[in-house]
Amino acid sequence: MAFRREPLDSNLNIDLDGADSSQPVVEFRDTSYTVTGNQILDKLNLKVHSGEILVLLGRSGSGKTTALKMVNALLSPTSGQVLVKGRPTSAWDPIRLRRSIGYVIQEVGLFPHFTVKQNVSLVPTLERWPAERIHSRTQELLRQVSLDPGQYESRYPRQLSGGQRQRVGVARALAADPALLLFDEPFGALDPVTRLELQTQFLELRRAFGKTSVFVTHDVREALRLGTRIGLLHRGKLEVLATPSEFVKSTHPEALAFLACLAEPLMHQSN
Ligand SMILES: Nc1ncnc2c1ncn2[C@@H]1O[C@H](COP(=O)(O)OP(=O)(O)OP(=O)(O)O)[C@@H](O)[C@H]1O
Ligand SMILES: [Mg+2]
């Protein structure tokens, strides 16, 4: 299905069509974050290029969410910088920046008193798209995430399963066709079958739209499946940055700890 580009603002949108693809969409430059004496991110250096799915992998507490929130300026570095399309996040109008970046988070995030349609059309509505365009866009997106608009658009989030809510979250993040998408463990709370389905759908959507994404997970299988590159965070430091095929050969102790999860036997020997 053809995917229309809907620029948000001729001056400030971060659509990279036609831009020099060697310029990173996101760049962490010596980015550190300290709170109450705790070093949560330690001199992160990382470039995310156009069209990549950069997966940030790490155990709980390693700093993944903190790093992601720096991209859409929900947090600011205590030293160093994060640049989006070459411009420090501190130099962006934070509202414009956030409307230009799709953000999908685990479970929460949908407005409970908004219907599915209202949730999906949030940014286009804020951007004052004409009603007819909002309507057709919402229908198109719901179909793309395998939710029949007739059946689901008038429901409230509480009337959906967790997997359906996540689909609505993905549709909402795509609604205004942002050049950059951020995913924070979006499939973590789902049963494994639905998770696999949504991962496959994510790859299909990505193939169709070629969006640049930063995707946070603690699941090494998910990282290997979805990432074009994997950045392994450990105690706030980027320890490994590799393609999936390089990552599985890594000898870094933290990478080995994650890779050991893949080698777990399915059943106990005596079974
Ligand atoms: N406002 C804060 N004040 C103090 N410590 C914080 C604050 N926010 C985060 N932290 C700490 O920073 C560390 C990194 O948190 P972060 O949420 O980035 O981890 P994460 O890698 O996303 O973990 P998870 O996989 O559990 O979501 C944690 O040890 C957390 O307790
Ligand atoms: Mg987190």
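Strand β4 (residues 79-84) is joined to β5 by 2 bridges, and the two run antiparallel; strands here are DSSP runs of E with at least two residues, helices are runs of H or I with at least four, both numbered from the N terminus, and two strands pair if DSSP finds at least two bridges between them. Opposite Leu83 stands Pro88 in β5. The model is predicted, so that local features need pLDDT of at least 70 and side-chain atom pairs count only at pLDDT 80 or more, while totals for chains, interfaces and linings use all residues. Residues are numbered from 1 along each chain as its sequence is written, with chains lettered from A and ligands numbered from 1 in the order in which they are written.

The open sheet containing this pair has 4 strands in the order β2-β1-β4-β5, with antiparallel pairing. Because β2 (38-48) and β5 (87-88) stand at the edges with a single partner strand each, one side of each is left without a neighbour in the sheet.

A further open sheet comprises 6 strands in the order β6-β7-β8-β3-β9-β10, and its pairing is mixed. Within it, β3 (residues 53-57) and β9 (residues 229-234) pair in the parallel sense over 4 bridges. Leu57 has Leu232 in β9 as its bridge partner.

Around ligand 1 there are 13 residues, of which Ser60, Gly61, Lys64, Thr65 and Thr66 come nearest; a residue is near if its C-beta atom, placed from the backbone, lies within 6 Å of the molecule. Helix α1 gives the most to this shell, with 3 residues.
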